[in-house]
Each structure stands twice: as structure tokens, then as C-alpha cells.
Amino acid sequence: MNAFTLHRRAVMLSAMAGATTLVTARGIVPAQAQGTAAVTGNAGFYRLRVGEIEATVVSDGVIGGPPRIYAIDAPETDLRDALQRAFLPTDHMTLNLNTLLIETGGRRILIEAGAGTTMGPNGGRIFRNLAAIGVSASDIDAIVISHAHPDHVGNLRAADGTKAFPRATVFVPKADWDFFVRADPDLSYMPVPEDFRARFAAAIKRSLEPVRKDVELYEAGAEIVPGLTTIAAGGHTPGMATFLVHSGGDQILLTADLAYHPIVNIDRSWRPGPDRDPETALTSRRRIFDLAATDRIAVLGFHFPFPGLGRLLKTDGGYAWVPANWQF
């Protein structure tokens, strides 16, 4: 009996027993399916190739908050209906933390550091998920940050205040460093309580403190290493960049925080509340989404449902998100 037959039989038996089945990167996880019973999995990494570049989506866990934060201009009824039609909670939106490890030219480069515990207890899983693929924090040669929000830099600081990735050179957009680290940032634009803004700003400075003396500041448009190009995407923050990983004829576009969740920011064009400059952010979003749709480039969304991979289609009203089929 081959593996496919075994897999099909397992699915049929679980269905007959009244159970749902979740297929993850580590196997088949059965769960009771009565009404709206929860289904959970344990996949923390997902491997792929981009030409000659080995790549792995590595999860740092999840964060989240009220859906309104991520769709600030959505009519209340429309937002609730969109979430319900997608079988999502109407009172909380879960956001994944999908970092990307690329291995090229004998170097291991991590794109985004993840949140750690700066934005809740469900982040900080990147280290165990790296260990699951045989990589330790000291094996990372470089970390490239799209923008300086805590969920992208939180893991840079170890519990004892030292560099969590001891050998890694950390690349940060210069405009973000100037705004968030060298100055006291005005975060009054963020649709969250004032105490949250204060903690948010403090978490940025605290997370980046261990790398202050040896950080590499970059301007979007720079090629960090061969095969990793940064693309200007300002608006969400002053210096946010997106990334194009490319090798041969293959490429994948990392969209950072141009969108938080496909349901509210792609299939619907509602505006993310944390955008500092909404009009510039909208221009960046349209320019980069048009690039992905026109050139049919694979996309990785940092906050999208794990592993965050898919494609963008241009529609009459905007865009549509098509998740990629998992490859086993």
C-alpha cells in the first residue's frame, strides 16, 4: 500500500469518525469536529526553493488584535460580514509572523526577526523552529528588517539584554532608524490606546539596543546580497522596504506590512490603521501589488495565514489573494 493510499484512507476514516483533519508540514493532525470545534496544528517551518536559493518560511508564532485596527475605514457591517463569510472571529484577528530564512552563497540570511514576546505571549517561537531544521541563532549571518516595528525586531534582544543572534549583521532602513530609534517617535496616528503606543515605542528601542553599535543602515533599493533586493514601500513607516528574492528565472516577493490579512486588505481594499502616511502607503501598496500581479510573482505575506505564500490577481475592483497549494 503506497503513501497516497494510506493518506487517503486516514482521511476517510477520520471523516467517518466525525473528525476533521488538518494536514501540516509535519503530518496529519486529527481533531474532533462537532459544530465549530477548534483545529490546531504544529507546523513551524515550510521549505521551498527560489532557483538556486534554499528558502524556509520559519514561524515566530502569532500576534493579533481587534479587526478594526487592520481595516480602519471599513463600514462596521461590511467588516463583520467579511469576517463571518471567511469563518473568522469578529472580535479578534490573528496575524502570523512568517520570517524567511534564505541560504545563498554560503550564508544564512533571515528576513525579519519576528516579535518575540514584545506584542503578546504567542510570539517568540522562531528559535525552536530554527532548531527543528538544524539551525541555531549563532548560525545566522545576517538579518534584514523591512521596518522597525516590534513584531519585526523583537527577537533581536535576548532575555539577558545581549544580541540574540550573536554573529548576525542586522540591516535596518535608515529612515526607520532615524524616526524610531534616534528620536522619540510621534505615534499619535496609531488607532490604539496611548499606553499601548508608549509600550510599542519602548519595545522598538529596547529590541534594537543590542545592535546599536554595529547595525547596517540601508536605503530601500539596495541589493543586500546577490539575490536579495530591497524595494521602497514607504507609508506604513518612513522607510519600510519590501523584498525580492531572485535566482535564475525564479523570484518571490515579500510584502512586509503592505497588508495584514488577505481578507481585509487584499480581497477588500480596507486601509490598515497603523499606516503612518496612509496616502503614501496606498501608493506603495498599489505599485507593488501591480508588480506582483502583472509579472505573476509568487508572494510571501509576513502576517498572512502560515506559510503566507500565494499569488495576487488583478480584479476590476482591486486585487484577489490566491493561496499557494502546499507542496509535501
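**Entry 1. The hairpin of strands 5 and 6**

I began with the hairpin of strand 5 and strand 6, where two residues lie between the strands and Gly105 takes a positive phi near 60°. The model is predicted: local features require pLDDT of at least 70 and side-chain atom pairs pLDDT 80 or more, while totals for chains, interfaces and linings use all residues. Residues are numbered from 1 along each chain as its sequence is written, and side-chain values use heavy atoms, with hydrogens and water left out.

Strands here are DSSP runs of E with at least two residues, helices are runs of H or I with at least four, and both are numbered from the N terminus. Two strands count as paired if DSSP finds at least two bridges between them. Across this pair, Glu103 stands opposite Arg108.

**Entry 2. The sheet around the hairpin**

Strand 4 (residues 53–65) runs antiparallel to strand 5 and is joined to it by ten bridges. Glu103 of strand 5 is the bridge partner of Glu54. On strand 6 I found a parallel pairing with strand 7 (residues 142–144), over three bridges. In that pairing, Leu110 has Ile143 of strand 7 as its bridge partner.

I recorded the whole as an open sheet of seven strands with mixed pairing, in the order 3-4-5-6-7-8-9. Strand 3 (45–50) and strand 9 are its edge strands, each pairing on one side only. Neighbouring strands are turned by 25° against each other on average, direction ignored.

Leu300 stands opposite Leu309 in strand 15. Contact means heavy atoms within 4.5 Å; axes are lines fitted to C-alpha atoms, for helices over the stretch in contact, and angles run from 0 to 180 degrees between N-to-C directions.

**Entry 3. Helices 6 and 7**

I examined helix 6 (residues 174–181) and helix 7 (residues 194–208), whose axes come within 10 Å and cross at roughly 120°. Trp177, Phe180 and Val181 of helix 6 make the contact with Ile204, Lys205 and Leu208 of helix 7. By class, this contact has five nonpolar, no polar and one charged residues. The nonpolar class is Ala, Val, Leu, Ile, Met, Phe, Trp, Tyr, Cys and Pro, the charged class Asp, Glu, Lys and Arg, and the others, Gly among them, are polar.

The buried residues of helix 6 are Asp176, Trp177, Phe179, Phe180 and Val181; buried means under 20% relative accessible area with a 1.4 Å probe, protein chains only. They pack against strand 8 (169–173), helix 7 and strand 9 (216–218).

**Entry 4. Phe200**

Is Phe200 buried or exposed? Phe200, which lies in helix 7, counts as buried because its relative accessibility is 6%. Not counting residues up to four places away in sequence, Phe200 touches Met119, His149, Pro150, Leu187 and Met190. Phe200 and Asp151 are 49 residues apart in sequence, yet their C-alpha atoms are 9.6 Å apart in space.

**Entry 5. Cores and totals**

Which residues touch the most other members of the largest nonpolar core? I noted Ile143, Phe165 and Leu208, in a core of 51 residues. A nonpolar core is a set of buried Ala, Val, Leu, Ile, Met, Phe, Trp, Tyr and Cys residues joined through side-chain atoms within 4.5 Å. Beyond its neighbours within four places in sequence, Phe165 is in contact with residues including Leu110, Phe127, Ile143 and Leu156. A second, separate core has 26 residues, among them Ala55, Ile111, Ala241 and Leu309.

For the protein I logged nine helices and 16 strands. Of its 328 residues, 49% count as buried. Of the contacts with a separation of 6 or more, 65% are between residues 24 or more positions apart.

How values were computed
Buried < 20%, exposed > 50% of the residue type's maximum accessible area, 1.4 Å probe, protein only.
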